[in-house]
Amino acid sequence: MSVLVTGGCGYLGSHTCLALLEAGYEVVAVDNLCNSSRESLKRVSELTGQPFKLYECDVRNGMQLMQVVEQNNVEAVIHFAALKSVSESFEKPLEYYENNVGGTLTLLRVMALQKVPYLVFSSSATVYGEQEVQPVHESAALRPCSPYGRTKVTCEEMIEAAARANPDFSAVILRYFNPVGAHESGRIGEAPQGEPSNLLPRLTRAAAGSLPPLVIAGDDFPTPDGTGLRDYVHVCDIAQGHVAALEALERRPSGVLTCNLGAGRPVSVRELIDTFERATGVSVPCRVGPRREGDLAACWADITRARQELGWSPLRTMEEACRDAWNWQSQNPFGYDGPVL
């Protein structure tokens, strides 16, 4: 099967491209490179020993996207391409709607015109917002607390509407929680342009001395140690979840299946710091700061449906995620833009 991966050069996209190639899929990637590097997929090709096509293309460009799909006989799409910073989405809400919702709408139109039957959509646990019941099940009411989260809800609604209107189209929506870590080789990992917004890359850079001490965003939450509880899941497990979703699409009837991907257990910010220090032997300079707008006290996943419907479960531990993240940081202190050490 020929699979189009949008946002293929990004953190999740690159690890998923690697997992797809290892599983025997033919991969075609597109990326506008606004927050990623071609180098990631060059390294994926080196790791797998398999060449594949990468097009510099924005998914909002319908004509160019149509050509890519048609020329490569694309049979399925995994859609990552999106802006994804919760904090930035408060500053640039219209840019987030235009990019995330507009890009998904264009992609769905192209898929309909080219009769591409399968879609795996990269959603997020941010669609849930504040929930009284933890862990969070897929049936929970959607209460996104940020413009970013609301763009993901809108995209999910468009996908569901498209599936209702077309019995030949089916999709798996994956709401994943907090992807962390890197490929065990240290060759690909999380490399945001500018200062990272996610916790673990900020932690590893603070430990390496390339960023100031890590700021713990609030220690007055109603949690056991006062810091936020989150569900951290290894990025390679997330990548395998996308392969499992594609396999499920091939055997399921048409329609939309929504699944959480997470570790299924909560980890506090302080627990993550302690785990990193124990796993790597490296200390993390840190201090407590104020809460960030949109941050929740606790959020972790009920992953029962993913186990039952996709046959997927996370295999890697938090310690492995921390070691792999530090291995990536140590080898690539400047991300993909500098020499490998």
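The exercises below, each with a worked solution, concern a predicted model.

**Exercise 1. Helices H1 and H8**

Describe how helix H1 and helix H8 pack, and sort the residues of their contact by type.

Solution. Two packed helices are described by the angle between their axes and the distance between the axes. Begin with these two values: H1 (residues 11-22) and H8 (residues 235-251) pack at an angle of about 60°, and their axes are 8 Å apart. That angle makes H1 oblique to H8. Next comes the handedness, and the crossing of H1 and H8 is right-handed. Then list the residues that meet. H1 contributes Tyr11, Leu12, His15, Thr16, Ala19 and Leu20. On the side of H8 stand Val235, Cys236, Ile238, Ala239, Gln240, His242, Val243 and Leu246. Sorted by type, the residues of this contact are 10 nonpolar, four polar and no charged.

**Exercise 2. Helix H7**

State which residues of helix H7 are buried, and which elements the buried residues pack against.

Solution. Start with the extent of burial: H7 (residues 199-208) has nine of its 10 residues buried, so the helix is largely enclosed by the rest of the structure. The buried residues are Leu199, Leu200, Pro201, Arg202, Leu203, Thr204, Arg205, Ala206 and Ala207. Now look at their surroundings. Finally, look past the end of the helix, where H7 is followed by Gly209 with a positive phi near 85°.

**Exercise 3. Helices H9 and H11**

Find how helix H9 is oriented relative to helix H11, and which residues meet.

Solution. The axes of H9 and H11 come within 9 Å and cross at roughly 70°. Angles of 65 to 115 degrees count as roughly perpendicular, and H9 is therefore roughly perpendicular to H11. Their crossing is right-handed. In H9, the residues that meet H11 are Leu272, Thr275, Phe276, Arg278, Ala279 and Thr280. Their counterparts in H11 are Met318, Glu319, Cys322, Arg323 and Trp326. By type, the contact of H9 with H11 holds six nonpolar, two polar and three charged residues.

**Exercise 4. Pro117**

Locate Pro117 and describe its surroundings.

Solution. Pro117 lies in the loop between helix H5 (93-114) and strand S5 (118-124). Its relative accessibility is 25%, so Pro117 counts as partly exposed. Leaving aside neighbours within four places in sequence, Pro117 is in contact with Glu75, Asp168, Phe169 and Ser170. A further position to check is Ser254, which is 137 residues from Pro117 along the chain, while the C-alpha atoms of the two are separated by 9.0 Å.

Terms used:
Residues numbered from 1 in each chain as written. Predicted model: local features only at pLDDT ≥ 70, side-chain atom pairs only at ≥ 80, totals over all residues. Heavy atoms only, no water. Axes fitted to C-alpha atoms, helices over the stretch in contact; angles between N-to-C directions. Helix = DSSP H or I, 4+ residues; strand = E, 2+ residues; numbered from the N terminus. Parallel < 35°, antiparallel > 145°, perpendicular 65-115°, else oblique. Left-handed = near helix turned anticlockwise from the far one by under 90°. Contact = heavy atoms within 4.5 Å. Nonpolar A, V, L, I, M, F, W, Y, C, P; charged D, E, K, R; others polar. Buried < 20%, exposed > 50% of the residue type's maximum accessible area, 1.4 Å probe, protein only.
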